[in-house]
Each structure stands twice: as structure tokens, then as C-alpha cells.
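Please read it alongside the sequence and the model.

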Amino acid sequence: MWRVQVRLRLWDIKFRTSDALVVREPKRAAQQQGDVDAIRRESATSALQTRRVALPRGAVWRTLELRRSTMEVRSLRLLAATISAAVVVATLLPQVSGGAPAELRNSVDGQSAADSQGNLHVPKDYRSAYEYLGSWAIADEKGPGAKQIHMVYASPGTVAAYRANARFPDGTALVKEVYAAATSPMTTGTVSHAAKLTGWFVMVRDNHGHHAGNKLWGDGWGWSWFDVTNPSKTTSTDYKTDCRQCHGPAQATEWVYTKGYPVLER
Ligand code: HEC
């Protein structure tokens, strides 16, 4: 029996995939036969096969965490598996180095809601690229109907992930549109509709406290309001006074009023 000591010294790695992972690894035949020389040869000459691993539908975000580890490998098959894991990691490393923390690239390309410094903005094209969660109507005390209508969107993959874990995954972006409503008689009755957009509330999930010290981040989210005239620059200054108190009743559901979003129910 072979005894090989393989030391993998790795950092935590997180990366983003769209719908598939591209894995480079030694050819399966070599792995199965446990042909160490063949594996070494292939690894050295980069005669590796490329395999696409499809991810489940809707799983736009995946996180792979590899911890610093040392392992002793007792069988050839395990050695082959370990080598291919190391190759996968080596292949993925260039993709994760540099740029914003991967978990803040929070949606499809061009749709991000936060930059690497933690500045939020209204993501472009959220109306077509994001998932619709639900709406709120704020009653008008002065007469029948609503004075405001709010429509809430979430970055791609949020619904599937929330249904699976009842948690918002790292990087989730939520956008709430605020409309002034108008009410008029229609053939269905007295009806309020969204008449004029006045601005957006944006929240971005951060499970790791990346922006500690930034007053617009805390309690697991980045928080900002945007006037309709400037979707890329917030007027918010401190989430504790601008947002948190009002979201207190939703603290148990990660500060989000989930009861308004039936699509999140399992
Ligand atoms: C006056 C109280 C109040 C303030 C201030 C407030 N919120 Fe909210 N927010 C709510 C309520 C209540 C809801 C759900 C019902 C609604 O939209 O009227 C909500 C919903 C949201 C939503 C949709 C997701 C969810 O939680 O259901 C986002 C996003 C949001 N708020 C972000 C913010 C941000 C960011 C700030 C600060 C810049 C903020 N809110 C300030 C009360 C508030």
C-alpha cells in the first residue's frame, strides 16, 4: 500500500459561476487505474481534460470554501482525487485574485449593486435581470386607495436559494422601487396604480462584515436610498439612523419583511 503525504496549503476561496463550473483534471482513465506516473505526466504537460460541471438551475451563486489542510493519502485512488482537487484549485486561483471580493459581485454581469469599496448603487436593468419578489401598497389616509406602491426585486438566484435555506445568500441584492400612486375608478373598481417613480432602496447582503467601519454597512447588509435623479449616488449617511430602526420588526428574518413576498415560501 502506498503512503504519500500530500500537503495542501490553501486559503479560503470563493468564486462565482454562472451555470457551470469548468474543471480541469487528469483523464479519468488514469485516475481510475491510479496510474500515478500518468497523472504526473498529464499534470506536468497540462494534458488535462476539461469538464463542465452543470450546476442546478437557478443556482447562479456558488461558494467553494477550501480550508488550509494537511492530509495523508493512503490509497492511489485518493491520491488521484487529491491531485485533481489541487489542479482544480490551481485553475481557479487566477479567476479569484484581484478585483472586488467575489461575494460582492452580487449578480449577473453589469448588474452589480455594490463596488469593491462598498459603495452601493441601483443596479442597471434590474427590472429585466432581477427576480420580482412582491409589492406593497401604502394606504392614503386622505381618501380611498394607495398613496405609494413599492415593488421589490432581488438579484438572480435569490428565490431558489431562499426557498432552499430560508436565508439570503451572501451577495444578495434587494431593490425596492418607491412609486407615488394615483387612484381612479376603473372597470374593476377604485384602483391605485404606480404613477411616478420617486427613488429606490437598495440592500446588499454581506455575511462577513467586509465593510466594517463604513456607516452604510452593518447587521449583515449594505443599506442605501437613491433619489430618482441619481441612481448611482446615495443620499444616505448612516444605516443605523436612516434604516435600521424601521426594519427592527423584521430582524428575525434577516431584517427583511419577507411576509410580503409569497414567492419566497417553500
Ligand atoms: C419608515 C420606516 C422605514 C425606513 C426609514 C426604511 N425602511 Fe425599508 N422598509 C420598511 C418597511 C415597512 C418595508 C416593507 C413594507 C413597505 O415597503 O412599505 C421596507 C422594505 C424595504 C426593502 C424591501 C425588502 C424588505 O425588507 O422587505 C428594502 C430593500 C428596504 N426597505 C431598504 C431600506 C433601506 C436601505 C433603508 C435606509 C436607507 C430603509 N429601508 C429605510 C420600513 C422602512
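This is a predicted model: local features need pLDDT of at least 70, side-chain atom pairs count only at pLDDT 80 or more; totals for chains, interfaces and linings use all residues.

1. In soluble globular proteins, nonpolar side chains tend to be buried together.

2. Overall composition. The protein contains 6 helices and 10 strands. Of its 266 residues, 27% are buried.

3. Six strands form an open sheet in the order β5-β6-β7-β8-β10-β9, with antiparallel pairing. The edges are taken by β5 and β9 (217-218); each has a single partner strand, so one side of each is left without a neighbour in the sheet. Helix α6 (residues 239-247) packs on the sheet, where it touches β9 and β10 (221-227), and its direction makes about 105° with that of β10.

4. Strand β5 (residues 131-139) runs antiparallel to strand β6 (residues 146-154), and 8 bridges join the two. Within this pair, A139 stands opposite A146 in β6. The hairpin of β5 and β6 has 6 residues between the strands, and G145 there takes a positive phi near 95°. On to the next pair: β6 and strand β7 (residues 173-186) are antiparallel over 7 bridges, and H150 has V178 in β7 as its bridge partner.

5. Pairing around β10. Antiparallel pairing over 7 bridges links β8 and β10, with G222 in β10 as the bridge partner of V204. The pairing of β9 and β10 is antiparallel over 2 bridges, and W217 stands opposite G222 in β10. In β10, 5 of the 7 residues are buried, so this strand is largely enclosed by the rest of the structure.

6. M203. Is M203 buried or exposed? This residue is found in strand β8 and counts as buried because it has 27 C-beta neighbours inside 10 Å, the threshold being 20 or more. Leaving aside neighbours within four places in sequence, M203 is in contact with L174, W221, G222 and W223. M203 and A154 are 49 residues apart in sequence, yet their C-alpha atoms are 9.5 Å apart in space.

7. P169. A buried position is also found in a loop: P169 lies between α5 and β7 and is buried, with 22 other C-beta atoms within 10 Å. P169 and R205 are separated by 36 residues in sequence and by 7.1 Å in space, C-alpha to C-alpha.

8. Surroundings of the ligand. The ligand is surrounded by 20 residues, of which F201, W223, C243, C246 and Y257 are the closest. At least two residues of the shell are supplied by each of β5, β6, β7, β8 (189-205), β10 and α6. The largest share comes from α6, with 4 residues. By type, the shell residues divide into 13 nonpolar, 5 polar and 2 charged. One of the closest residues, W223, is also a contact of M203.

9. Backbone points to check. Most residues other than glycine have a negative phi. D125 is found in the loop between α3 (76-96) and α4 (126-129), and counts as exposed because it has 11 C-beta neighbours inside 10 Å, where 12 or fewer is the limit. D219 is likewise not a glycine and has a positive phi of about 55°. D219 lies in the loop between β9 and β10, a hairpin with 2 residues between the strands. With 15 other C-beta atoms within 10 Å, D219 is partly exposed.

Note on methods. Residues are numbered from 1 along each chain as its sequence is written. Two strands pair if DSSP finds at least two bridges between them. Two residues are in contact if their C-beta atoms, placed from the backbone, lie within 7 Å. Axes are lines fitted to C-alpha atoms, for helices over the stretch in contact, and angles run from 0 to 180 degrees between N-to-C directions. A residue is near a molecule or strand if its C-beta atom, placed from the backbone, lies within 6 Å of it. Ala, Val, Leu, Ile, Met, Phe, Trp, Tyr, Cys and Pro count as nonpolar, Asp, Glu, Lys and Arg as charged, and the others, Gly among them, as polar.
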